[in-house]
Amino acid sequence: MSNTTKEQVNHYLVEAKKEVDRLTTHRTENLADAINYIENELKIETLKGEISAYEKVLNLL
């Protein structure tokens, strides 16, 4: 993320949070099988890690 501005990082943070909300809502839907459920949960956890990283970067900028 060379030359990344605070606004860009904040944008990535907001988008990641929106995606977590979307996937969390999707969690309550009838997922076809266990594989889809696990993939959904893995995406949520990955995004939570990204959110944490974006927040740390914002604190450094």
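Guide: The model is predicted, with local features needing pLDDT of at least 70, side-chain atom pairs counting only at pLDDT 80 or more, and totals for chains, interfaces and linings using all residues. Residues are numbered from 1 along each chain as its sequence is written, and side-chain values use heavy atoms, without hydrogens and water.

Visitor: What makes Asn40 buried?

Guide: Buried means under 20% relative accessible area, exposed over 50%, and partly exposed in between (1.4 Å probe, protein chains only). Asn40 has 4%, so Asn40 is buried. Asn40 sits in helix α2. Helices are DSSP runs of H or I with at least four residues, numbered from the N terminus.

Visitor: Why does Tyr12 count as partly exposed?

Guide: Its relative accessibility is 36%, so Tyr12 counts as partly exposed. Tyr54 has 15%, so Tyr54 counts as buried.

Visitor: Why is the pair of Tyr12 and Tyr54 called tilted?

Guide: Rings of Phe, Tyr and Trp (its six-membered ring) pair if their centres lie within 6.5 Å; planes under 30 degrees apart count as stacked, over 60 as edge-to-face and the rest as tilted. The count comes to one aromatic pair. The ring centres of Tyr12 and Tyr54 are 5.9 Å apart and the planes stand at 35 degrees, so the pair is tilted. Tyr12 is in helix α1 and Tyr54 in helix α2, 42 residues apart.

Visitor: Which residues of α2 are buried?

Guide: They are Asn40, Glu41, Ile44, Leu47, Ile51, Tyr54 and Leu58. What covers them includes α1 (6-27), where contact means heavy atoms within 4.5 Å.

Terms used
Helix = DSSP H or I, 4+ residues; strand = E, 2+ residues; numbered from the N terminus.
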